[in-house]
Structures are given as structure tokens and as C-alpha cells.
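Subject: A structure for you to look at

Hi,

Here is the structure I promised to pass on. Please open it next to this email, so that you can follow along as you read.

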Amino acid sequence: MFAYVIAQINLKSKDSYKEYVDKVPKTIKSFGGKYLVRAGEFKSLEGKWDFTRNVIIKFPSYEKALKWYNSEEYNQIKNLRLENTEGNLIIIKGV
């Protein structure tokens, strides 16, 4: 069973966030993850959608996704995201 990291974010500082964007793909790949959506164009059709960037990352398992999020490798750069964005992030089991 696959797992997905789903993030909705708004940027506070685009320039500072760029360092995170440059470094995070390597950490995702090392845990078998793959971007499915990375801030593509979208249209909100129902409800209120207050975020400008949406990200979906597929991992081979729920455990791998959790290991990535809690890894030393990711934790070295996670604060770059937390300090330069606001938003939501979940890890969810999927098909």
C-alpha cells in the first residue's frame, strides 16, 4: 500500500524557500518518494482553498513516508520550509 504526503502552503519568503526547494528532492528520492504534484496550476471548484501551492509526494509505503519525514536528512532542511511558509501537511495511506 502506498502513502502520500500532501501539503498545502503559502509562501512567506520566496527567496528563502528556494533553498528548501533545491535540497528536498534528494531527501525524497532517497526514501523512494516521487513527486506527483509540485505546485502546478489549479482551479478551485468547490469550497474555500486558501493556499497557492499544493504538493503531493508518493512513497512506496506509509512507513517509508514517516521515515522520510522523521529522518535526520530531512530534519536538516525542514526548518527552511517551516520558517518560510504557512500551511498544512499530512501523510496518508492510499492505493
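Below is what was found in it, topic by topic.

Some ground rules come first. This is a predicted model, in which local features need pLDDT of at least 70 and side-chain atom pairs count only at pLDDT 80 or more, while totals for chains, interfaces and linings use all residues. Residues are numbered from 1 along each chain as its sequence is written, and side-chain values use heavy atoms, with hydrogens and water left out.

Buried stands for under 20% relative accessible area, exposed for over 50%, and partly exposed for what lies in between (1.4 Å probe, protein chains only). In general, nonpolar side chains in soluble globular proteins tend to be buried together.

W68 is worth a click. Leaving aside residues up to four places away in sequence, W68 touches V5, V24, T27, I28, F31, F59 and Y74, where contact means heavy atoms within 4.5 Å.

How many salt bridges does the structure hold? There are 2, a salt bridge being a side-chain nitrogen of Lys or Arg within 4 Å of a carboxyl oxygen of Asp or Glu. One joins K18 to D22, with the closest N and O atoms 3.1 Å apart. K18 and D22 sit 4 residues apart in helix α1 (residues 14–30), so about one helical turn separates them. D22 is exposed at 51% relative accessibility, and K18 is partly exposed at 48%.

The other pairs K23 with E19, and here the closest N and O atoms are 2.8 Å apart. K23 and E19 are likewise 4 residues apart in helix α1, again about one helical turn. Both ends are partly exposed: K23 has 40% relative accessibility and E19 has 38%.

K29 and Y4 are 25 residues apart along the chain, and their C-alpha atoms are separated by 14 Å.

Helix α3 (residues 72–84) has a kink of about 35 degrees centred on K78. The bend at a residue is the angle between axes fitted to the seven residues ending there and the seven starting there. Which residues of α3 are buried? They are Y74, I77, K78, L80, R81 and N84. Their cover includes β1 (2–11), α1, α2 (62–70) and β4 (85–94).

Y69, in helix α2, is partly exposed at 22% relative accessible area. Not counting residues up to four places away in sequence, Y69 touches Y74, N75, K78, R81, L89 and I91.

Loops and surface

S61 lies in the loop between β3 and α2 and is buried, with a relative accessible area of 17%. S61 and F2 are 59 residues apart in sequence, yet 4.5 Å apart in space, C-alpha to C-alpha. With residues up to four places away in sequence left out, S61 touches M1, F2 and A3.

A39 is in the loop between β2 (34–38) and β3. Its phi is near 65 degrees, a positive value in a residue other than glycine. Most residues other than glycine have a negative phi. A39 is partly exposed, at 25% relative accessible area.

Finally, have a look at I90 in strand β4, which is partly exposed at 43% relative accessible area. I90 makes a nonpolar surface patch of about 220 Å² together with I6 and I92. Patches are made of residues with over 30% relative accessible area and no salt bridge, with like charges joined within 9 Å and nonpolar side chains (Val, Leu, Ile, Met, Phe, Trp, Tyr) within 5 Å. The accessible areas come from the Shrake-Rupley method with a 1.4 Å probe, and for residues only the protein chains shown count as cover.

Note on methods
Helix = DSSP H or I, 4+ residues; strand = E, 2+ residues; numbered from the N terminus.
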